[in-house]
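Subject: Structure for your review

Dear colleague,

Please find below the structure that I am handing over to you. I would be grateful if you could read the notes that follow it with the model open.

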Amino acid sequence: MILVDTTILLRFYLDPDCTALLQEVLQRDSHWVAPSTWRSGMCNVLGRYLQQGELELEAALDLLNGAERLLSNSEVEPASSDVLCLAQSSGCSAYGCELIALACELETVLITFDPSLLTYFPSIALTPTAFLASEG
């Protein structure tokens, strides 16, 4: 099991340069989990793409449905107290600390492109490339 953030989901579906890399991650570990907040983050980005004419509604809905299937029964929530403790000690956003708290609770890694999480939590937050290079 690995924890993924919204940027991983978006790039999996929207960034052809990342899709193959993230498919490798999925092949290595097909049990992806995410906090339920992934939907609002994804809808926020997809909404901007729709408003800017960069994506058609049908494509956005297909993408969202694909992500929902991928994460079916795989949404988790962290302890709020852990999130705030991490936010105080790291200086990272509460959203980012939510991901780190979850990874710790689940005893897994977070796959992300978020530079602050990669910097502050290098043993927990990994890029897809680093995850694939690690022993699993």
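The notes below begin with the protein as a whole and then turn to one residue.

Please bear in mind that this is a predicted model. The protein contains 8 helices and 5 strands, and along the sequence these elements are arranged as β-α-α-β-α-α-β-α-α-β-α-β-α. Its radius of gyration is 15 Å, close to the 14 Å given by the globule rule for 136 residues, so the protein is as compact as a globular protein of that length. The C-alpha trace spans about 40 × 30 × 25 Å along its principal axes.

Among contacts with a separation of 6 or more, 64% are made by residues 24 or more positions apart.

As for the surface, the protein exposes about 7,300 Å², of which carbon and sulfur atoms supply 52%. There are 5 positive and 18 negative side chains, and the centres of these two sets lie 3 Å apart.

The residue I would draw to your attention is threonine 108, which is located in the loop between α6 (94–106) and β4 (110–111). Threonine 108 counts as buried because its relative accessibility is 14%, below the 20% cut-off. Its side chain reaches the backbone oxygen of methionine 1 at 2.3 Å. Leaving aside residues up to four places away in sequence, threonine 108 touches Met1, Ile2, Leu3, Ala103 and Ile124.

Yours sincerely,
A colleague

Note on methods. Residues are numbered from 1 along each chain as its sequence is written. This is a predicted model: local features need pLDDT of at least 70, side-chain atom pairs count only at pLDDT 80 or more; totals for chains, interfaces and linings use all residues. Side-chain values use heavy atoms; hydrogens and water are left out. Helices (H or I, at least four residues) and strands (E, at least two) are DSSP runs, numbered from the N terminus. The radius of gyration is taken over C-alpha atoms; the globule rule is 2.2 Å times the number of residues to the power 0.38. Contact means heavy atoms within 4.5 Å. Accessible areas come from the Shrake-Rupley method with a 1.4 Å probe; for residues, only the protein chains shown count as cover. Lys and Arg count as positive and Asp and Glu as negative; His and the chain ends are not counted. The place of a charge is taken as NZ of Lys, CZ of Arg, CG of Asp or CD of Glu. Buried means under 20% relative accessible area, exposed over 50%, partly exposed in between (1.4 Å probe, protein chains only). A polar contact is a pair of N or O atoms within 3.5 Å; within protein, one must be able to donate a hydrogen and the other to accept it, and residues adjacent in sequence count only if both atoms are side-chain atoms.
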